[in-house]
Amino acid sequence: MSLTKRISLCFFILYLFVASATIVISYFNCRNEVYSNILSEYEEYFRITENNFHVFFEDIESDLLSMSQIPVVRTADENNVTSFLNADESSFQYHYSDEELRIISLFNTYRLSHPHVNSVYMGRENGSFVRSHPRSSPTRYDPRERPWYQLALDHPDGIQMTEPYPSITNPDINIATVLALKDHSGQVFGVIGMDVTIQDLAAEMNKVELSYDGSMEFLNSSGIVLFSPLEENLYTTKQLDYDLPELYKNEKYSILNHEDHYEIISSTEILNGHFVASIPARTVKEAIWLTVESRVIFITFLILIVAGFTFLFMEWIILRPLRDMQSSLTQSRYDAVPMTMNIKSYGEIRDFQNEYNRLVQAVNHEKTELEKVKALTVTSLVSLAEIRDHETGLHIIRTQKYVELLSSAYNNLFQDKKINEYKMSIMVQCAPLHDIGKVAIPDHILLKPGKLTHEEFDIMKMHTVYGKETIVRGNVGLTDSMFIDTVVNIVYHHHERWNGSGYPLGLRTSSIPIEARIMAVADVYDAVTTNRIYKSAVSHEEAVSILKQGAGIEFDPDMIQAFLKVEQTFKAISEFYSEN
């Protein structure tokens, strides 16, 4: 992939990172912003609803006070008003006096002109009762026993509002606004009142349209729902739950999490009750993501502008000089001669060019070191060939190819334990030296066709020690420590075994150098699949079986796993470079 494409990819990755970070950061910021807006808006809704409630009942209270001052209402003649104290529903008949008819007309006229008022009525101390329209059924009725009458008697000096109470003759649930009627001496002689059903109250209060598809209920001090958008909730009792998870709060309110909806609770002086706002969680989340989306689009636009200018700048300052350098380096590779560069560049690119030019001057010194390595390998191999010519050049090629193949398979299979490429090249180059120490083993042991005795095998095992000493002595003055260590590990440790039964040190598991573990597998495979003085070759399949059986015992199990991935290629190498 070209540098231009990599930089473009980096910008794309940077965009993804910035976009992701923006989404995460914006989400939390936008969430809190939306939550804050919700609380601000619903604080206003609470204020408006509370004001509407006050205005609603203040109008009723004002009208009630005015009506209580009308002379016909204040008449002290209680005998001219119907009494239901001993009413018999089957035989009762209304007999209105002129005075009572005037009161009924007054009350009903008001009721009809104020649709939110369900009933206007008056009870007297003698038990008589009159209201704006006939009762649903003329049952026995004593107004003095009703909660609205008792409340007015208990608080005769002002207008009172009752708790919700059910009607006797119909299913209505009423809230009464009542006022005690007192004579000149301050003695209460009756109570006048107006009823509002909670259905009518809910209809008035729910006229406020709430944002985020929200809805609002009002609970009095007893937890009774006085108004709600859902009629089935009216006059039911609810328990406020302040222990719900708190999503957000300001100085006054909190947003509580009900999973499928969010709840805001506001206390109010109205009947010492609470407003409870409910907002669908889905609506709020949509609002949050819409806000996040708009910000991400804006930031994406900014990033594209910045990226465009940055790319143009990098093209002039970085990419163009690098392409010219690449052309120069390519030419050097083709010519096999490093060339100095003289390219117009700036800053670090210019510093790199200067360092490269100095590096070219140091190449000749490095070549000397590399020649020493080559000389060591060539000298060692030539010395072995001169001393004993028991192995052909094909053995050397096979060994190198086995080591190279197995190392690559191991790296592909175990990415987290990859072998350094330079180390791999040393392993491949020096694999044929693994048995160099055998030059010091007597012929009668080295060339013995039969099984070695215990004493002879102890001598044979010394070839690893002799090999190490040869390498160490031959590398005096060489500064490439990785080269020396790798060769010594191959020569000295390739007979160590995974379970610690090998030699010369009895190392076990991962304490055995990786290059020795690779060499052990390659050496055994080559040994069992070729004819030797002391044995005949076995088939590839038998060799694979031997190595599989030795996994975790003689050989590194990971190395055998890598071998099994390429064992068919081992077979092809063995056949192609066969001694036959």
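Apart from neighbours within four places in sequence, Y253 is in contact with L39, E43, F46, Y248, I264, I265 and S266. The model in which these contacts are found is a predicted one. Y253 lies in the loop that joins strand 9 (246-249) to strand 10 (254-257). Its relative accessible area is 12%, and Y253 is therefore classed as buried, the cut-off for this class being under 20%. One of the residues in contact with Y253 is I264; the two are separated by 11 residues in sequence, and their C-alpha atoms lie 6.9 Å apart in space.

The side chain of S167 forms a polar contact with the side chain of N170, at 3.2 Å. When residues up to four places away in sequence are left out, S167 touches R146, D172 and N174.

Helix 9 comprises residues 421-430. At the start of this helix, the backbone nitrogen of Y422 is approached to within 2.8 Å by a side-chain oxygen of N420. Within helix 9, the buried residues are K423, M424, I426, M427, V428 and C430.

At the level of the whole protein, 17 helices and 12 strands are present. The radius of gyration is 51 Å, whereas a compact globule of 580 residues would have a value near 25 Å. The C-alpha trace spans about 150 × 65 × 40 Å along its principal axes. Among contacts with a sequence separation of 6 or more, 61% are made by residues 24 or more positions apart.

Of its 580 residues, 44% count as buried. The accessible surface amounts to about 31000 Å², and carbon and sulfur atoms contribute 55% of this area.

Definitions and conventions:
Residues are numbered from 1 along each chain as its sequence is written. This is a predicted model: local features need pLDDT of at least 70, side-chain atom pairs count only at pLDDT 80 or more; totals for chains, interfaces and linings use all residues. Side-chain values use heavy atoms; hydrogens and water are left out. A polar contact is a pair of N or O atoms within 3.5 Å; within protein, one must be able to donate a hydrogen and the other to accept it, and residues adjacent in sequence count only if both atoms are side-chain atoms. Contact means heavy atoms within 4.5 Å. Helices (H or I, at least four residues) and strands (E, at least two) are DSSP runs, numbered from the N terminus. The radius of gyration is taken over C-alpha atoms; the globule rule is 2.2 Å times the number of residues to the power 0.38. Buried means under 20% relative accessible area, exposed over 50%, partly exposed in between (1.4 Å probe, protein chains only). Accessible areas come from the Shrake-Rupley method with a 1.4 Å probe; for residues, only the protein chains shown count as cover.
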